[in-house]
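Open the model in your viewer and keep the selection tool at hand. This tour moves from one selection to the next.

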Amino acid sequence: MAITAAKRPEVCRLAVAQAYYLYAAPSILPRPLPLSVVPEGVLEGRVPLPASISRSSNALLMGHSLPKGADGYRRVACTVLPEEKPCLYVRPGTCTADPVYDVQAALERAGL
């Protein structure tokens, strides 16, 4: 799904659920695409999508259900994994920098 997002020219930043991050490694994408990591709990429905991610990313790689706080996104593709069904959602509009959830910041928080 991350490759599908990167092939869409209107996608300017992709926010990826933490559980799916390994499927969105920058090295496998067909073009440079800024990535954000959605914090734990959003995919599971325990917490809403942070507003800063909604502002910064116009594409989401999440589960089959759109998370709370993701108004304006629409599902454009899904795939089936052995135990999950990740989907790509996009919204119209631009992207901004994401200093809190940017992939580099997420890796640093994880001690990597």
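**Stop 1**

Select Cys-12. Its relative accessibility is 27%, so Cys-12 counts as partly exposed. Keep in mind that this is a predicted model. The cut-off for buried is under 20%.

A disulfide joins Cys-12 to Cys-95, with 2.0 Å from S to S. Where do Cys-12 and Cys-95 lie? Cys-12 is in the loop between helix 1 (2–7) and strand 1 (14–17), and Cys-95 is in the loop between strand 5 and helix 3, so the pair ties together parts that are 83 residues apart in sequence. Look along the S-S bond of Cys-12 and Cys-95. The torsion there is about 80°, so this disulfide is right-handed.

**Stop 2**

The structure holds two disulfides. For the other, select Cys-78 and Cys-87. They are joined with 2.0 Å from S to S. The link of Cys-78 and Cys-87 has 105° about the S-S bond and is right-handed.

Cys-87, at 0%, counts as buried. Number the bonded cysteines of the protein chain in sequence order, and the pairing reads 1-4, 2-3.

**Stop 3**

Five strands form an open sheet, in the order 2-1-3-5-4. The pairing in this sheet is mixed. Which strands stand at the edges? They are strand 2 (35–38) and strand 4 (74–78). Each has a single partner strand, so one side of each is left without a neighbour in the sheet.

As you zoom in on the pairs, recall one general point. Strands of a sheet pair through backbone hydrogen bonds, either parallel or antiparallel.

**Stop 1: across the sheet, pair by pair**

Begin with strands 1 and 2. They pair in the parallel sense over four bridges. Select Ala-17 and look across to strand 2: the bridge partner of Ala-17 is Val-38.

Stay on strand 2 and check both of its faces. Both are covered. Leu-35 and Val-37 are buried on one side, and Ser-36 and Val-38 are buried on the other.

Next, select strands 1 and 3. They run parallel and are joined by three bridges. Ala-15 stands opposite Leu-60 in strand 3.

Now move to strand 3 (residues 59–62) and strand 5 (residues 87–90). They pair in the antiparallel sense over four bridges. In strand 5, which residue is the bridge partner of Leu-60? It is Tyr-89. Ala-59 stands opposite Val-90 in strand 5.

**Stop 5**

Select Ser-57. This residue lies in the loop between helix 2 (51–56) and strand 3. Ser-57 is buried, with a relative accessible area of 0%.

**Stop 2: the largest pocket**

Show the surface and select Gln-18, Val-37, Ala-106, Leu-107 and Ala-110. Of the 13 residues that line the largest pocket, these lie nearest its centre. About 220 Å³ of space lies in this pocket.

Which elements give two or more residues to the lining? They are strand 2 and helix 3 (103–109). Helix 3 gives the most, with four residues. Color the lining by class to finish. There are 10 nonpolar, one polar and two charged residues.

Methods. Residues are numbered from 1 along each chain as its sequence is written. This is a predicted model: local features need pLDDT of at least 70, side-chain atom pairs count only at pLDDT 80 or more; totals for chains, interfaces and linings use all residues. Side-chain values use heavy atoms; hydrogens and water are left out. Two strands pair if DSSP finds at least two bridges between them. On a 1 Å grid over the protein atoms alone, a cavity is a set of points where a 1.4 Å probe fits but cannot get out, and a pocket is an open set with protein on both sides within 12 Å along at least five of seven lines; lining residues have an atom within 4 Å of a point. Grid points are joined across faces, edges and corners, and a volume is the space filled by probe spheres set on the points. Ala, Val, Leu, Ile, Met, Phe, Trp, Tyr, Cys and Pro count as nonpolar, Asp, Glu, Lys and Arg as charged, and the others, Gly among them, as polar. A disulfide is a pair of cysteine sulfur atoms within 2.5 Å. Buried means under 20% relative accessible area, exposed over 50%, partly exposed in between (1.4 Å probe, protein chains only).
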